[in-house]
Amino acid sequence: MTDQEIIYTMALTRLPRINPTMQHRLLEELGSATALYEQRKHIGDLYPEATEKLSAALGEMERLTARAEEELTFAKDKQIRCLCYHYTDYPARLRECEDAPLILYYRGNADLNRAHVLNMVGTRHCTDYGKDICRHFLTDLKRLCPDALVVSGLAYGIDIHSHRAALDNDLDTVGVLAHGLDQIYPRMHRDTAVQMVSHGGLLTEFMSRTNADKVNFVRRNRIVAGMTDATIVVESAEKGGALITADLAVSYHRDVFAFPGRVNDPYSQGCNRLIRDSKAALLQNAQDFVEALGWQTAPAQIRKGDGVQGELFPHLCPEEQSIVDCLHRTESMHINALSVATNLPVHKLSAFLFNLELKGIVELKSGGTYRLC
């Protein structure tokens, strides 16, 4: 990825009144942000669906590239990586979402495409009950799935307690921010954020000098939901950002879990409603979670397919073979983890998995988890 392509991608994301879906469509039609910039004055010839509004917006690209050049200089100076949509290190799970950002700014050392990624969200006004859940759940998760990456939003309440519990248990944790990487909000979480840079990271779609405006938190939530395999809601009132994240996760066909609470506790109302409405599975502990997602590590002697793969599966296409190879190395894998491991989009992966099911090679277990027959 050249600096020029990064700069034009930045400029594209700042076009007025052009949403992420349209941005993606333009890149698909033109092939790259550089091509879009070079052909911006002739967009009607190349993209018949172009409106006057789009043509007017593209007229702003030249002005916006100057700001993008400043941002790239800032990023290089602060060791911030610019992850464009098609970049290898861009979160592959997030790429499956039609409203995924074209570029992310990332400072950290965690692999955003590791096999096991979850997010924990909840109310900013958490109780001791919620704090205890964060602490005990992540302590147990470290034992059951030590490579898990914990994502949250660095906000007050459940978010910050999830980050801190992850750090306490030597789990990497990533905070998704609603502002640029030139600041930390809330300021009192700065020390935790500094620790996270070397034990996870900080991620945002916003350039520097972007304030933490209310609308940005809602946009931030789609990244939290989209870059992870599952959303866990710990405590939530009847309304709140955690419920928005849960709804987004459902729309992305991701697993959602919620810890229940007493019926008269105000900060358990949201969790209880998610469970009641079958939007979230009831969660009691880390063991339940790991089993539901098929994240158990299988002993080598009981792995499926050992020694027979070449004999029993001779008529597989390359994509099917890569799926079988992944499942051969582990007891089972969630479809999102398979997507990352095989570098296949979920919609294509689902078709290959269906064919493998028909051939009697793989079977679907609960929670979108697959294993060899």
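Me: Two strands pair if DSSP finds at least two bridges between them. How many bridges join strand 11 to strand 12 here?

Reply: Four bridges join strand 11 to strand 12 (residues 369–372), and the two run antiparallel. Helices (H or I, at least four residues) and strands (E, at least two) are DSSP runs, numbered from the N terminus. This is a predicted model, where local features need pLDDT of at least 70 and side-chain atom pairs count only at pLDDT 80 or more, while totals for chains, interfaces and linings use all residues. Residues are numbered from 1 along each chain as its sequence is written, and side-chain values use heavy atoms, with hydrogens and water left out.

Me: OK. Which residue is the bridge partner of glutamate 363 in strand 12?

Reply: Arginine 371 is the bridge partner of glutamate 363.

Me: And what order do the strands of that sheet come in?

Reply: The order is 10-12-11, in an open sheet of three strands with antiparallel pairing. Strand 10 (333–334) and strand 11 (362–365) are the edge strands, each pairing on one side only.

Me: Which helix lies across strand 11 and strand 12?

Reply: Helix 18 (residues 346–358) does, running at about 115° to strand 11. The axes behind that angle are lines fitted to C-alpha atoms, for helices over the stretch in contact (heavy atoms within 4.5 Å). Angles run from 0 to 180 degrees between N-to-C directions.

Me: Switching to salt bridges. How many are there?

Reply: The count comes to 19, taking a side-chain nitrogen of Lys or Arg within 4 Å of a carboxyl oxygen of Asp or Glu.

Me: What does glutamate 320 meet?

Reply: Its side chain meets that of lysine 359 in a salt bridge, 3.0 Å from N to O. Glutamate 320 is in helix 16 (residues 318–328) and lysine 359 in the loop between helix 18 and strand 11, so the pair links distant parts of the chain, 39 residues apart.

Me: Is glutamate 320 buried or exposed?

Reply: Buried, at 4% relative accessibility. Buried means under 20% relative accessible area, exposed over 50%, and partly exposed in between (1.4 Å probe, protein chains only). Lysine 359 is partly exposed at 43%.

Me: What about arginine 114, which residue does it meet?

Reply: Arginine 114 and aspartate 172 form a salt bridge at 2.8 Å, N to O. Arginine 114 lies in the loop between strand 2 (103–108) and strand 3 (117–121), and aspartate 172 in the loop between helix 9 (158–168) and strand 5 (173–176), so the pair ties together parts 58 residues apart in sequence. Arginine 114 counts as buried at 17%.

Me: Which residues are linked in a network?

Reply: Glu205, Arg219 and Arg222 are, through salt bridges.
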